Structure formats: C-alpha cells, structure tokens
Amino acid sequence: MIDWKKVDTVLLDMDGTLLDLNFDNHFWKEFVPLKFAEKQSLSIEAAKQQLEPRFKSMEGKLEWYCLDYWSDELALDIAGLKAEISGLISVLPHVTEFLEKVHRSPKKVYLVTNAHRDSLGLKMEKTCLQEFFDGIISSHDLGFPKEHADFWRLLQQRISFEKQTALLIDDSLAVLNSAKQFGIAYLISVSKPDTKLPKREIAGYPAIEDFRELMAGL
C-alpha cells in the first residue's frame, strides 16, 4: 500500500486514527446531551434536538474542536466531563505496534490533531503514546483546523517537512482533501475509526482497517 522508502515524514491524526472514535462519539452524542438536559431541565430527546444543529453549524471550524468554546456555549465544564468518562479512551488495534516500529525507523513522526490541548493532554495521559512522536501539534496552536489550507502552510513552517515525501493518515475525508490540495504526496484513510460502528466504504483514498496493513516494509 505504501513504499516506505519514499516517505521521510509521517503525520498521524489522533481521534479515529490512533484512538477509538467511540469515546468522542459517545461523549458528544450521549454524555454531553445528558448533562445539558440535566442542567436545563430538559428531556434527553429535547436536549439532542437543541444541540445537534448547534454542533452541525460548527463542523470543520476551529470552534468545533475547542473545549473552551463549548464550555461557554453550553455552560458546562467540557474538559471536566471528558475526564469523568476518560476510562472509555482507548487505542485502536495494532496502533502501538505500528508506532513502535515507525519510531525505530529514521522517519520523523508527528501527531497532528484538531484536538484542543485539554483533550489532547487527557488522552496522552491515558494512553502514554506521546513517547513515540518527534512532535505533537494541535490545530489550536496554529489558529486553523486541519480542514483549512492555512493549517498545512503553517505546519510546514513549524516542523519543516517536504510535501513529496510526507504521509498523512487521517479518518476525516475533509482533512485528507485539504492535505491533498496542499500537495502532501501520500494520503491514507481509516475505514473503521469507531470500533462500535461498521466499517466505512472510502472513496478517493486508499484505506486501512488497522495498522497491520501498513507495517510491511517499514
């Protein structure tokens, strides 16, 4: 699937790529509506009806990923709520094996995520994956989400990589499309970002179900 001899820089998404997206899906679709319903004296159904369009309107924007923004908007301690159910945070199958192998290679490996620093800190504390990366970059550090062209321009200034020898692995097609427009040469999607949901059919990009598919030749 990938000729590793042609790759010098590996850019890895976090949620839905390295970590099971079930945590985030459960948090935003079930746990936040539950807490919002309790605070506003609403039924769960009414809370979801109020929240879904508000969430939808922010997709692809930096605010969507900002815990401070949602804490203010919903009058809830979003970072605190994430910590409450942090036991659900888990690494996807065979990710650690892949990270160990790529970390031992001469390639530079970066975690490149839209996650807010509070969420990122919690997830690294729970998974201890930070040791495998040459750097960890949140889109909040750069002021643009990965869906935006300026993110990639600023990222290249920050970590100095060559587009033609860079690989990005990400579960978001919008992010992959943005990286493709920027000129990143190697792009791979993830077909099963949430272990509780069926495998997705991916069009336009090679896709992996788990990282064993990428380990040959590494």
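Reader: Which residue follows helix 8, and is its phi positive or negative?
Author: Two ground rules before I get to that. This is a predicted model, so local features need pLDDT of at least 70 and side-chain atom pairs count only at pLDDT 80 or more, while totals for chains, interfaces and linings use all residues. Residues are numbered from 1 along each chain as its sequence is written, and side-chain values use heavy atoms, with hydrogens and water left out. As for the elements, helices (H or I, at least four residues) and strands (E, at least two) are DSSP runs, numbered from the N terminus. Now your answer: Ser160 comes after helix 8, and its phi is positive, near 55°.

Reader: Which residues of helix 8 are buried, and what covers them?
Author: Buried means under 20% relative accessible area, exposed over 50%, and partly exposed in between (1.4 Å probe, protein chains only). On helix 8 the buried residues are Phe151, Trp152, Leu154, Leu155 and Ile159. Their cover includes strand 1 (9-12), strand 2 (108-113), strand 3 (135-138), helix 7 (139-142), strand 4 and helix 9 (173-182); contact here means heavy atoms within 4.5 Å.

Reader: And which residues of helix 6 are buried?
Author: In helix 6 (residues 117-127) they are Ser119, Leu120, Leu122, Lys123, Met124 and Thr127. Helix 1, helix 3 (67-74), helix 4 (78-84), strand 2 and strand 3 are among the elements covering them. Gly121 is also in helix 6, but it is partly exposed, with a relative accessible area of 38%.

Reader: What do I look for when two helices pack?
Author: Two packed helices are described by the angle between their axes and the distance between the axes. The axes are lines fitted to C-alpha atoms, for helices over the stretch in contact, and angles run from 0 to 180 degrees between N-to-C directions. Here helix 1 (residues 22-40) and helix 2 (residues 44-58) pack at about 120°, with their axes 9 Å apart. Helix 1 contributes Trp28, Lys29, Glu30, Val32, Pro33, Leu34, Phe36 and Ala37, and helix 2 contributes Ile44, Ala47, Lys48, Gln50, Leu51, Arg54 and Phe55. By class, that contact has 10 nonpolar, 1 polar and 4 charged residues. The classes go like this: Ala, Val, Leu, Ile, Met, Phe, Trp, Tyr, Cys and Pro count as nonpolar, Asp, Glu, Lys and Arg as charged, and the others, Gly among them, as polar.

Reader: At what angle does helix 1 pack against helix 3?
Author: About 35°, with the axes 12 Å apart. Trp28, Val32, Phe36 and Lys39 of helix 1 meet Leu67, Trp70 and Leu74 of helix 3. That contact has 6 nonpolar, no polar and 1 charged residues.

Reader: How many aromatic pairs are there?
Author: Rings of Phe, Tyr and Trp (its six-membered ring) pair if their centres lie within 6.5 Å; planes under 30 degrees apart count as stacked, over 60 as edge-to-face and the rest as tilted. That rule gives 13 aromatic pairs. Phe27 and Phe31 make a tilted one, 6.2 Å centre to centre with 40° between the planes. Being 4 residues apart in helix 1, they are separated by about one helical turn, and both are buried. The ring centres of Trp64 and Trp70 are 6.0 Å apart with planes at 85°, so that pair is edge-to-face. Trp64 counts as buried at 18% relative accessibility, and Trp70 is buried at 0%. One aromatic cluster takes in Phe23, Phe27, Trp28, Phe31, Phe55, Trp64, Tyr69 and Trp70.

Reader: Last one: which residues touch the most other members of the largest nonpolar core?
Author: A nonpolar core is a set of buried Ala, Val, Leu, Ile, Met, Phe, Trp, Tyr and Cys residues joined through side-chain atoms within 4.5 Å. In the largest, of 50 residues, Leu12, Ile78 and Phe98 touch the most other members. Helix 1 gives the most to this core, with 7 residues. Apart from it lies another core of 21 residues, including Ile159, Val175, Leu176 and Phe182.
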